[in-house]
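Dear colleague,

Please find below the sequence and structure that I am handing over to you. My findings follow directly after them.

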Amino acid sequence: LRIIDAIKSKNKVVSTAYWQDAAILKAAASMEDTDDGIFTLLDRYIDTDSGEWKTEPKRIDCAILAHEMLCCDYIDNGSVKPAMDYVAKFLKELYEEYGTIPYNVNAKDVRFVDTVGMVCPFLMKYAVVYDKPEYVDIAFRQIKEYKKHGFCKETGTPFHCFNVKSNAPLGICGWGRGCAWWALGITDSLRALMSVNSYNIEKVTLLKYCIEFMALMKQQQRDDGAFERMIFTPSLEDSSAGAILAYCFAHLSKVIENDDFEICCKKTLRHFKNCTRRNGVIDYSQGDTMGIGFYSDGFRIVPAAQGFAVAAANEFDF
């Protein structure tokens, strides 16, 4: 049956490329002489004449790619505004209908930690770039709600998700990539707001969240610099979680001038040299999660690990 499903691609997630390409764009934007590659990637998604999506996204994970487009100095924010407006409107409609943004309307009462990482930085950046402050409120509510109901009080880490009707936690706490999604959501949300002289309450709250959480992740980092797929129990490392966390360590270390966080980042990057193939590609990333409690047993090449690792390395010219 597994073979039949694979042949039919029954469980294929067609939008997987959004977060993978977003990470590649983040890396390319932090490098010099990558504009040709950036515009090639942009052309996959955006009609350069109209500024609209070539194929309108139907899932919320398009927001992470839209965020990186807004952050890229090579891309004119005005030229892609129609596509950005589409994503913002799409997310706002979900927010207005469900109170906060669900990852999937087929599970409208469940909030996944992935969503914090995928949509909140975009909403913050969109608000700043196009002067739409109401989108900061939407993102901040998403983050505050998850912090209140989606965290394990004993460990200080997020559950995979929670039910908004009962506030019951779902899935596990301490999932490596789930921790990374949370870290990315609050880090890049803070990064978006740091570019303007307003939203001081939101900045202070996000900075507090970042410092507390990354200090916890520092404690959970293995001696060799890796992060495990389940951080509270001995398990295989997950390069995708490690790369995202390395990026967050790198950025936060500069915001608060913290040498310990810089050391954590460089420790992870040095470890990646031991799990990089001869062609320069980082290995040992956990595969896609297919649902609550269904975590991949496969470890493989994941473009996002490459993207975030390069972005982290470029913070220090590593």
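Helix α4, which covers residues 62–71, is largely enclosed by the rest of the structure, because 9 of its 10 residues are buried. The buried residues are C62, A63, I64, L65, A66, H67, E68, M69 and L70.

Please bear in mind that this is a predicted model. The mean pLDDT of the protein is 91, and 93% of its residues reach 70 or more. Over residues 9–15, however, the pLDDT is below 50, and this stretch has 7 contacts in the model beyond near neighbours in sequence. Where pLDDT is low, the predicted coordinates should not be read in detail.

A further point concerns the packing of two helices. Helix α7 (residues 134–149) packs against helix α9 (residues 200–220) at an angle of about 35 degrees, and their axes lie 12 Å apart. The crossing of α7 and α9 is left-handed. On the α7 side, the contact is made by V136, F140, I143, K144 and K147, while α9 contributes E202, T205, L206 and Y209. Sorted by class, the contact of α7 with α9 has 5 nonpolar, 3 charged and 1 polar residues.

Lastly, I turn to helix α12, which comprises the 13 residues 303–315. At 1.5 Å a residue, α12 should span 18 Å, and this agrees with its end C-alpha atoms, which are 19 Å apart. The buried residues of α12 are A304, A305, G307, F308, A309, A311, A312, A313 and E315. D317 follows α12 and has a positive phi, near 50 degrees.

With kind regards

Terms used
Residues are numbered from 1 along each chain as its sequence is written. This is a predicted model: local features need pLDDT of at least 70, side-chain atom pairs count only at pLDDT 80 or more; totals for chains, interfaces and linings use all residues. Side-chain values use heavy atoms; hydrogens and water are left out. Axes are lines fitted to C-alpha atoms, for helices over the stretch in contact, and angles run from 0 to 180 degrees between N-to-C directions. Helices (H or I, at least four residues) and strands (E, at least two) are DSSP runs, numbered from the N terminus. A crossing is left-handed if the near helix is turned anticlockwise from the far one by less than a right angle, and right-handed if clockwise. Contact means heavy atoms within 4.5 Å. Ala, Val, Leu, Ile, Met, Phe, Trp, Tyr, Cys and Pro count as nonpolar, Asp, Glu, Lys and Arg as charged, and the others, Gly among them, as polar. pLDDT is the predictor's confidence in each residue, from 0 to 100. The expected span of a helix is 1.5 Å times one less than its number of residues. Buried means under 20% relative accessible area, exposed over 50%, partly exposed in between (1.4 Å probe, protein chains only).
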